[in-house]
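The sequence and model are shown first.

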Amino acid sequence: GKFNLHGGKVIAKASSGSAGIGSGDRAYSYIDEEGWFDGFAVNVYGGQLTAVAGLGGAGIGCGAQSVGPLCSVNVLGGEVLASGSDISAVEAGLWTPAIGWGYQTVTKEPYANCALTVGSDMAIWAGNDNSSGDFSGLSLTTAEDYCKGSPRLMYVHIAKAVAPEGDWAKLQKALTNDAAASLTCDAFEHTYENGTNFVKLLKDVVADAEFDTCLVIASGSRAVLDLNGQTLDRGLGDLVPDGAEFEEFEGLDDGHVIRVVGHLTVTDTSEAHDGKITGGCGVEAGGVYVYDEQHDTTQCSLDQLDPSVEYARFVLVEGSIVGNVASDGESFGGVSVSFGAEFIMLGGRIANNVGVLAGGVGILAENARRGEVACRVDLRGGVISGNKGYGSGAVGMMAQGNEYEAISIGGTVVITNNIGV
């Protein structure tokens, strides 16, 4: 049989000897002496499933003294909280796991273990030293690790991985804050004036590579980020081995440091101007991805665009975008500009980034139809150096002849020592 949960909330609490979800006490699952029943499946696609075992039964799986195979548990979304034995049962020698077999269950190969699979964006917290129903403070593990240790893991929580709110998450809130309240903490100062968030870093802010995503300046948001000599690090530098070529690593969809859909200005008021944006390992972009999803004509026609929505804009006044990589065949390492977006470089530095079309800066709008959407890169000041790309080292374009795409180079900008392979 199958138990499928797509939404809502289910709480299953078993009586003595039975599993919360699964077989009852002393259940027999075989068909005959030679053929064994294939068991049953618990499939969670959404919602919340709470399964609490009865004395001697598993949270999800078999009841006590059962005979036969165990179930398969597949968590592709939603949330699962499963409890096996409580402390009193453990003391009585009747412990059972959150997911697995009950007390004195008899199994037969290849059904010796409960099969557990989880979706790629799900995480497992599991432990054996918490009181029943308490899922706090559990260790993070994998489905394989859980199955290996399942006889002793009495509490399991499976859900989308959510990081504790660190400096990176607090910074995300500050950059898109739409209220007048200050969100200042020890990592940055924050003020909100006339619809713009002003954020000044006070120390390095490093993302948790496992939990955090890129910072997003949402559509309609305006922010000014002062690096103040500090480092904003996406934390993905370890994804690229030293000396690796493009085919030897794969960037993450949200692996760039910042995605700009609204308006962002980056500056650096420190005396040395040595603040930097680094550690990105993305697909289309490594450092900053200026992607105007509101004006993406691959997703909608021109007459569907909302003229009241402002175009995405990124302005670099001071500070550096350094040491970022992008792995896609049509990517830019430092700054990638797409679908109606705009990048203006007045100063600062874009250096030592790696991309495929260009290492430094580029326009990626090859799917925009002629004359529909304007992308613009305006390089007026600063330095673009030491970048590497398989197309162009410094600046590139993938626009397939769209006459409204433009790269302007002038003023005091210096472009030097970039490598195009």
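## Criterion and count

A salt bridge is taken here as a side-chain nitrogen of Lys or Arg within 4 Å of a carboxyl oxygen of Asp or Glu. The model is predicted. Under this criterion, 5 salt bridges are counted.

## E342 and R313

E342 and R313 form a salt bridge through their side chains, with an N to O distance of 2.7 Å.

Buried means under 20% relative accessible area. E342 therefore counts as buried, at 10% relative accessibility, whereas R313, at 36%, counts as partly exposed.

## D254 and R234

The side chains of D254 and R234 also meet in a salt bridge, at 3.7 Å from N to O. Both D254 and R234 lie in the loop between strand 19 (231-233) and strand 20 (258-260), 20 residues apart, and the pair links distant parts of the chain.

R234 has a relative accessible area of 0% and is therefore buried. D254 is partly exposed, with a relative accessible area of 24%.

## D378 and R380

A salt bridge connects the side chains of D378 and R380, with 2.8 Å between N and O. In this pair D378 is buried, at a relative accessible area of 9%, while R380 is partly exposed, at 40%.

## A linked network

Salt bridges also join D167, D186 and K203 into a network.

Terms used
Residues are numbered from 1 along each chain as its sequence is written. This is a predicted model: local features need pLDDT of at least 70, side-chain atom pairs count only at pLDDT 80 or more; totals for chains, interfaces and linings use all residues. Side-chain values use heavy atoms; hydrogens and water are left out. Helices (H or I, at least four residues) and strands (E, at least two) are DSSP runs, numbered from the N terminus. Buried means under 20% relative accessible area, exposed over 50%, partly exposed in between (1.4 Å probe, protein chains only).
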